[in-house]
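Subject: Structure for you, with notes on salt bridges

Hello,

Here is the structure for you to look at. My notes on its charged pairs follow below.

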Amino acid sequence: MQVIITKDYAEMSHVAGVIVEALVRQKPDAVLGLATGSTPVGLYEYLVRAHQKHGLDFQQVTTFNLDEYLDLPKAHSQSYHTFMRENLFSHVNILPDRIHFPDEDYDAVDETAEAYDARIYRAGGIDLQVLGIGRNGHIAFDEPAEELSFYTSTVTLTPSTREANARFFPSLEEVPTRAVSSGMGTIMQAKHLLILANGEGKREAVARLLDGHRVTTLCPATLALLHPRATLIVDEAAAGR
């Protein structure tokens, strides 16, 4: 795993942006795996500027998002469809039919895993997967557990995850209880993992990656240590500097 320690969040976002921009310029039809949450917002701001000021072209780019809530309308202010539209998609020239989420176009949720992973396969696989790390080391909605789902699947959100996300909703009761999430196997099949973490709250999870000696499903992020090409970009606060 390549480790890049940056001064702060702004530098972390810039370094990540340079990596993604370079890929898209080198491979205009790149397939990107995208994440939501506060961590990648700065990266998306970089990509928007690169498009608007320097002509970075997204017309041939295909994207696959890691996860999405279930039982929440796509137009809801807290859906990941809305998050991606507001932070990236509506500001660049990506084509709508090249944008994919794991909850779309499925009448039966049980069909999601096979359909979504097959769609990724047909697109040629993900060239670069953007990942954030949860405080407990979770990736997407893959929470610490003795067993992890390999493929994209329906998951029941843990109480801790719902409580952490409650700040975005009027009340805890309105936080969805289910989501569709890429499995760790789906994530690990990406050609390049770009892992971002910032702030003291991520220090413990990052320490387990920097230690590099133990891989455990009780900290899903550590599975990235097994990947042949993973880049970890963290700020000094997350790295304990």
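Partly exposed, as used here, means a relative accessible area between the buried limit of under 20% and the exposed limit of over 50%. Lysine 27 has 32%, so this residue is partly exposed. Please keep in mind that this is a predicted model.

The structure holds six salt bridges. Three of them are described here.

Lysine 27 and aspartate 127
These two form a salt bridge, with the closest N and O atoms 2.9 Å apart. Lysine 27 sits in the loop between H1 and strand E2 (31-34). Aspartate 127 sits in the loop between helix H4 (112-122) and strand E6 (128-132). The pair therefore ties together parts that are 100 residues apart in sequence. Aspartate 127 is buried, at 8% relative accessibility. There is also a network of salt bridges here, linking Lys27, Asp127 and Lys191.

Glutamate 21 and arginine 25
Their side chains meet in a salt bridge at 2.9 Å, N to O. Both belong to helix H1 (residues 9-26). They are four residues apart, so about one helical turn separates them. Glutamate 21 is buried, at 13% relative accessibility. Arginine 25 is partly exposed, at 42%.

Arginine 203 and glutamate 200
This salt bridge has its closest N and O atoms 4.0 Å apart. Arginine 203 is partly exposed, with a relative accessible area of 35%. Glutamate 200 is exposed, at 59%.

Best wishes

Methods. Residues are numbered from 1 along each chain as its sequence is written. This is a predicted model: local features need pLDDT of at least 70, side-chain atom pairs count only at pLDDT 80 or more; totals for chains, interfaces and linings use all residues. Side-chain values use heavy atoms; hydrogens and water are left out. Helices (H or I, at least four residues) and strands (E, at least two) are DSSP runs, numbered from the N terminus. Buried means under 20% relative accessible area, exposed over 50%, partly exposed in between (1.4 Å probe, protein chains only).
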